[in-house]
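The following paragraphs lead the reader through one protein structure, from individual contacts to the overall arrangement. Please keep the sequence and the model in view while reading.

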Amino acid sequence: WVLLQNCHLYKTFMPTLEKMVEGFEEEPLIHKDFRLYLTSMPAEYFPVPVLQNGVKLTTEPPKGLRANVLRSFLSMTDADLADSAK
């Protein structure tokens with residue numbers, strides 16, 4: 001599993017991210033249990049194909065960096081992560 005947080009802060013990486021995600025479908029070496037998790041604030045430059053090919057969740061962010069990181073992991077269970085399709 002890979003978690004990329006605060007993607008909206010890295011505007012120059014968005015084209016690279018889009019190319020990487022588009023290549024996932026054709027890549028035979030990606031493990032069936034691979035998951036990519038992204039967190040972001042709304043941003044006009046966020047790649048539309050990345051949004052269209054994923055499951056989207058919307059939450060209100062907690063105050064503070066520590067609280068944000070803890071909330072990202074504490075609400076997920078092993079069963080939730082194992083059952084996700086993408």
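In what follows, a contact means that heavy atoms lie within 4.5 Å. The model under discussion is predicted. Setting aside residues up to four places away in sequence, V50 touches L17, E18, V21 and L38.

V50 also belongs to the largest nonpolar core, which consists of seven residues: C7, F13, M14, L17, V21, F46 and V50. The greatest contribution to this core, three residues, comes from helix α1, which covers residues 14–24. In soluble globular proteins, nonpolar side chains tend to be buried together.

The aromatic residues come next. A pair of aromatic rings is described by the distance of the centres and the angle of the planes. The structure holds two aromatic pairs. In one of them, the ring centres of Y10 and F13 are 5.3 Å apart and the planes meet at 10°; the pair is therefore stacked, since planes under 30 degrees apart count as such. Y10 has a relative accessible area of 48% and is therefore partly exposed, the range for this class lying between 20% and 50%.

F24 and F34 form an aromatic pair with an edge-to-face arrangement, the centres lying 5.4 Å apart and the planes standing at 80°. Because F24 is located in helix α1 and F34 in the loop between α1 and β2, this pair ties together parts that are 10 residues apart in sequence. F24 has a relative accessible area of 29% and so is partly exposed. F34, with a relative accessibility of 30%, likewise counts as partly exposed.

The loop between α1 and β2 (36–38) also holds R35. Which side chain of opposite charge is nearest to R35? It is D33, at 4.7 Å. A salt bridge requires a side-chain nitrogen and a carboxyl oxygen within 4 Å, so R35, although buried, has no salt bridge. A polar atom of the R35 side chain does, however, lie 3.2 Å from the backbone oxygen of K32.

The protein chain contains four helices and two strands, which follow the pattern β-α-β-α-α-α along the sequence. Its C-alpha trace spans about 40 × 35 × 15 Å along the principal axes. Of the 86 residues in the protein chain, 16% count as buried. Among contacts with a separation of 6 or more, 74% are between residues 24 or more positions apart.

Technical notes:
Residues are numbered from 1 along each chain as its sequence is written. This is a predicted model: local features need pLDDT of at least 70, side-chain atom pairs count only at pLDDT 80 or more; totals for chains, interfaces and linings use all residues. Side-chain values use heavy atoms; hydrogens and water are left out. A nonpolar core is a set of buried Ala, Val, Leu, Ile, Met, Phe, Trp, Tyr and Cys residues joined through side-chain atoms within 4.5 Å. Buried means under 20% relative accessible area, exposed over 50%, partly exposed in between (1.4 Å probe, protein chains only). Lys and Arg count as positive and Asp and Glu as negative; His and the chain ends are not counted. A polar contact is a pair of N or O atoms within 3.5 Å; within protein, one must be able to donate a hydrogen and the other to accept it, and residues adjacent in sequence count only if both atoms are side-chain atoms. Rings of Phe, Tyr and Trp (its six-membered ring) pair if their centres lie within 6.5 Å; planes under 30 degrees apart count as stacked, over 60 as edge-to-face and the rest as tilted.
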